[in-house]
Structure formats: structure tokens, C-alpha cells
Amino acid sequence: MLRNFQAAVDDWDEVCSSLGGWEAEHLTRDDAHQEVRRHQRWVTELLSWGRLVQGATQQAEFPDKALAARVDARVRHLEDKLVLWHGDMPAAEQDRILQAAFE
């Protein structure tokens, strides 16, 4: 059962990883309004699933601590994406982070 769980987490993590390239291509354009809404929906859904998985991996009995740490890191990454792309961060701070991320 753990093998299937890990495979599901691997699939989720792979989708999360692919967002970076999509963001660079679609969200940095001036006409990205529709893509921004789509991105927010995707990140919210991925984060929801990640939090569900995180609840399971944080149980004391969960045997794979490395997988639990990977899930925690990915959930934090998705939370950061929501703040960066969809939060109330000042424009200057957004620009600074985007420049650092895509250098």
C-alpha cells in the first residue's frame, strides 16, 4: 500500500514541478489574465491534495520520513506560489522575486 501511496505522491510532485516552466511561459506576459485564473485554480487544487497527503505523512506511525519531508517542502512551495502570483504582495517585491526566479 505504501508503494501505491508513494507513486501517487510522485505523480503529484511531478505535476507541481512542471508548473515552473508553465509559469515562465504563460504568466509573465502582459495578456496573462485568463492564465492567472487558471493557475490559481491549479495551485489551489494541488495544494488541497498536498495538504491531505501531508495529514497522512505527519502521523507518527508513517514509516517514510523522507517522503513526509518532501511533501512538507512541496506544500510550502505551493503556498509560496499562491502568495507570489495571487497574494497581496507589493509589485516591487513580486518583481524582485520573479527576477531572482527566472535568472
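Q: What does the accessible surface of the protein chain come to?
A: About 6800 Å², with 52% of that belonging to carbon and sulfur atoms; areas come from the Shrake-Rupley method with a 1.4 Å probe, and for residues only the protein chains shown count as cover. This is a predicted model: local features need pLDDT of at least 70, side-chain atom pairs count only at pLDDT 80 or more, and totals for chains, interfaces and linings use all residues. Residues are numbered from 1 along each chain as its sequence is written, and side-chain values use heavy atoms, with hydrogens and water left out.

Q: How many helices and strands?
A: The protein chain has 4 helices and 0 strands, taken as DSSP runs numbered from the N terminus (helices H or I, at least four residues; strands E, at least two).

Q: What share of residues is buried?
A: 32% of the 103 residues; buried means under 20% relative accessible area with a 1.4 Å probe, protein chains only.

Q: Which residues of the largest nonpolar core touch the most other members?
A: Val9, Trp12, Leu46, Val71 and Leu78, out of 14 residues. A nonpolar core is a set of buried Ala, Val, Leu, Ile, Met, Phe, Trp, Tyr and Cys residues joined through side-chain atoms within 4.5 Å.

Q: And which elements give two or more residues to this core?
A: α1 (2-26), α2 (33-57) and α3 (65-86). The largest share, 5 residues, comes from α3.

Q: What is Leu78 in contact with?
A: Leaving aside neighbours within four places in sequence, Leu78 is in contact with Trp12, Cys16, Leu19, Val43, Leu46 and Leu47, where contact means heavy atoms within 4.5 Å.

Notes: Buried means under 20% relative accessible area, exposed over 50%, partly exposed in between (1.4 Å probe, protein chains only).
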